[in-house]
Amino acid sequence: MKSQSLQEKIYRSFEKKSNNFFETIGGLTEFTILFFKNVFKPPYEVDQIRKHMDILGIQTFPIVSLTGFIIGLVITMQTQPVLVRFGAEAFLPGSVGISIVRELGPVITALIFAGRVSSGIGAELGSMRVTEQIDAMEVGAVNPFKYLVVTRIFACTFILPILTVYVIFIALFGAYVAVLLVQNMSFDYFTGAVIKSVEFGDAIPGIAKTFVFGFIVGVVGTYKGYTATNGTEGVGRASTTSVVVSSILILIFDMILVKITLWLWPTI
Amino acid sequence: MVIIEKLSKSFGSHLVLDEVSLKVEEAENLVVFGRSGTGKSVLLKCIVRLMEPDGGNVSIFGKDVMGLGIDELNELRQQMGFLFQGAALYDSMSVRGNLDFPLIRNSHLTPKEREMRIKDVLEKVSLEEAIDKMPADLSGGMKKRIGLARAIITEPKLMLYDEPTTGLDPITAKEISKLILDLQKELKMTSVIVTHDILCAKIIADRAVMLEDGKIQYTGDITELTTSKDPFLKNFFSDELIEEIGRK
Ligand SMILES: Nc1ncnc2c1ncn2[C@@H]1O[C@H](COP(=O)(O)OP(=O)(O)O)[C@@H](O)[C@H]1O
Ligand SMILES: [Mg+2]
């Protein structure tokens, strides 16, 4: 009946039901637009953002540390014999370093982050939705989209790159340990070799794309949670579908972003 | 005080509210009866625009709710309290956090004044000792009390209750009903209470209406409704199961 601005619409309970893929994409797009409409408007909820960044960091720190180390170790163990076969063993630190910085570090961290965080956000907001806590906030004249959604998306977007940088270092350390298992190499020599072959053009796009991945995790988790319906069952579904959808989107966007980077900064 | 005119709401092809009209006078306690799933919660949610009705008008304190922009709507909402069926306490916050939240967001009180306000409402609902508990550690009745405390902490002029006693044992249900009535008198609020608990209604109601088939079917004071000879009302209020149901 009355025309509704997007801004007003966010105060409404989202009355969507379907889990249809295209509706999900449509909903995520709408959510993204609402995010940008709200993120620049005060109040900025800085305390909430900081709180969520702390929580997300602490939640994922142990698992990304372990994964990063193992991935670095394993990829080196796998690469080493291949390079030996081609007589290119000297390139080991460099080639492993490039794989980790450009691709493995960012994507593995993002996927782990998606598994841990977007399911958590989906479940948390989903249970707030079905127990009417979001409605309560809304009738309490607080904008729940801003308070619950914008803060979490923001926190995800900025914590993932930080985690990624950390994971890259841990993975390189894992790589060094793997090198040590088969040959003697000083740490200085190893890091020197990595630094020599990994260029700025490798590191920047690798880390830059994690902002996008973090944003995806935040948007998908909050969207699924915020629009959850059907009681506890809906909460479970919000949690699991968040992981699936955000993981797929991360991989799709990775493909697109890699293509764009290669086009902008061709590697010789 | 509250005037609802021809309010309609459907979900898909399911018509839940069919041109409901209703008037609530100032300082009145109006009970809305209705069976489960008749749209009582939908009615309350349309009044505060948690849901957007398909048609009709709601006017509160003389303001046309459906025509308000979001800022004006929020201003109006600050003069209203809503007790949700499951209390809807924020489960990431303690009781203190729950009560402080509306004050932090919507008042200019100093921390000291807020603390006093919190103590004061907790005393009103007789749960001073629960101040540092988390919602998960509270019983159903305690949750309702805290939900009530949170709703009245901003001193609303209009209170909406969604099944305040459902799911509670009879004694707790009576206590909550009595508490609602006492607060009502003390704070001179207008209230709309949605319920199917007859005892609760008998304690609280000044006037009652029956929602059925998407429409307000009966209006009257509580004894009129409960002693009515109408087969539907008889079936609703009587202890015995009456086979023949009055209406479809
Ligand atoms: N968000 C929704 N989407 C679809 N149907 C709904 C929604 N909310 C309520 N309904 C339907 O509206 C009817 C009335 O619901 P409700 O107002 O919750 O009943 P009650 O009187 O028990 O509070 C029910 O049949 C319910 O299935
Ligand atoms: Mg209900």
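1. At what angle do helix α3 and helix α6 of chain A pack, and how far apart are their axes? The angle is about 25°, and the axes are 6 Å apart. Helix α3 covers residues 46-85 and helix α6 covers residues 144-182. That makes α3(A) roughly parallel to α6(A); the term applies to angles under 35 degrees, with over 145 as roughly antiparallel, 65 to 115 as roughly perpendicular and the rest as oblique. Axes here are lines fitted to C-alpha atoms, for helices over the stretch in contact, and angles run from 0 to 180 degrees between N-to-C directions.

2. The basis of the note: this is a predicted model, in which local features need pLDDT of at least 70 and side-chain atom pairs need 80 or more, while totals for chains, interfaces and linings use all residues. Residues are numbered from 1 along each chain as its sequence is written, chains are lettered from A and ligands numbered from 1 in the order written, and side-chain values use heavy atoms, without hydrogens and water.

3. The crossing of α3(A) and α6(A) is right-handed. The contact holds 26 nonpolar residues, 11 polar and one charged. Nonpolar means Ala, Val, Leu, Ile, Met, Phe, Trp, Tyr, Cys and Pro; charged means Asp, Glu, Lys and Arg; the others, Gly among them, are polar.

4. Helix α3(A) also meets helix α4 (residues 92-130) of chain A. Their axes come within 9 Å and cross at roughly 145°. This crossing is right-handed. Its contact has 14 nonpolar, nine polar and one charged residues.

5. Chain A has nine helices and zero strands. Helices (H or I, at least four residues) and strands (E, at least two) are DSSP runs, numbered from the N terminus. The C-alpha trace of chain A spans about 75 × 35 × 35 Å along its principal axes.

6. Now the ligand. Ligand 1 is surrounded by 13 residues, each with a heavy atom within 4 Å of it. The closest are B:Gly37, B:Gly39, B:Lys40, B:Ser41 and B:Val42. The site is shared between chains, because residues from both A and B surround ligand 1. The shell divides into four nonpolar, six polar and three charged residues.

7. Polar contacts are pairs of N or O atoms within 3.5 Å; within protein, one must be able to donate a hydrogen and the other to accept it, and residues adjacent in sequence count only if both atoms are side-chain atoms. A polar side-chain atom of B:Ser41 is 2.7 Å from an oxygen atom of ligand 1. For B:Lys40, a backbone N or O atom lies 2.8 Å from a ligand oxygen. For B:Gly39, a polar backbone atom is 3.1 Å from one. The protein buries 66% of the 550 Å² that ligand 1 exposes when taken alone. Accessible areas use the Shrake-Rupley method with a 1.4 Å probe; for residues, only the protein chains shown count as cover.

8. Two backbone points deserve a look. Most residues other than glycine have a negative phi, and most peptide bonds are trans. B:Glu19 has a positive phi of about 50° and sits in strand β2 of chain B. The peptide bond from A:Pro42 to A:Pro43 is cis, with omega near 0°. A:Pro43 is in the loop between α2 (21-39) and α3 of chain A.

Notes:
A crossing is left-handed if the near helix is turned anticlockwise from the far one by less than a right angle, and right-handed if clockwise.
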